[in-house]
Amino acid sequence: MLRNGVDLIEISRLSDLNPSIKNRFLSRVFTKNEIAICGENDASLAGRFAAKEAVAKALGTGIGEIHWKDIEILQKDNGEPELVLHAKAKQMEDILGITEWAISISHNRSMAIAFVIAL
C-alpha cells in the first residue's frame with residue numbers, strides 16, 4: 001500500500017508569532033531535539049511543521065488524534081530528514097503496516113513545503 005501526504009505553510013506563521021507566546025507554542029509542537037536542530041531558524045521550523053502535518057495526513061488522521069510531538073523530524077548526518085514516530089503515530093504506523101518512509105522538505109523566503117511517502 002502506498003500512502004502520501006503534503007503540506008505547505010507560510011514561514012511568517014512562525015516568524016510573526018507574538019514573542020510572549022512563541023516559546024510556549026514551539027515547546028508544544030516541537031521536541032527538544034527538533035528545537036536543538038533548528039535553533040531559531042523559522043524556515044527550518046516551518047519545514048518540520050509542514051512535515052508533521054504531511055505525516056499525519058499519510059497516516060490518515062491529521063493532527064488531533066495524533067499529537068504534534070508524536071511525530072519527530074530529526075536529521076541524519078548527511079542532512080536528510082529522519083522521521084521518528086512515537087505513541088499514537090507509531091501505533092497507526094503499525095496498524096497500517098507501514099515499514100518505509102520518504103520525506104522531502106524545502107523552503108524559499110516565504111513558504112515551506114513537505115512531502116512524504118509511506119510504504
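## A hairpin, a core and a buried glutamate

Let's start with β2 and β3: these strands form a hairpin with five residues between them, and G79 in the turn has a positive phi of about 95°. Strands here are DSSP runs of E with at least two residues, helices are runs of H or I with at least four, and both are numbered from the N terminus. Keep in mind that this is a predicted model, where local features need pLDDT of at least 70, side-chain atom pairs count only at pLDDT 80 or more, and totals for chains, interfaces and linings use all residues. Residues are numbered from 1 along each chain as its sequence is written, and side-chain values use heavy atoms, leaving out hydrogens and water.

**The strand pair**
- β2 and β3 run antiparallel over five bridges (pairing takes at least two DSSP bridges).
- I73 has L83 in β3 as its bridge partner.
- Four of the five residues of β2 are buried, so the rest of the structure largely encloses this strand (buried means under 20% relative accessible area, with a 1.4 Å probe and protein chains only).

**The nonpolar core**
- The largest nonpolar core has 33 residues, and F49, V55, L59, I71 and L83 touch the most other members (such a core joins buried Ala, Val, Leu, Ile, Met, Phe, Trp, Tyr and Cys through side-chain atoms within 4.5 Å).
- α4 gives this core its largest share, 10 residues.
- Beyond four places in sequence, L59 is in contact with residues including I66, M92 and W101 (contact means heavy atoms within 4.5 Å).

**A buried glutamate**
- E34 sits in helix α3, residues 32-38.
- E34 counts as buried because its relative accessibility is 0%.
- Among its contacts beyond four places in sequence are R48, K52 and I73.

How values were computed. Buried < 20%, exposed > 50% of the residue type's maximum accessible area, 1.4 Å probe, protein only.
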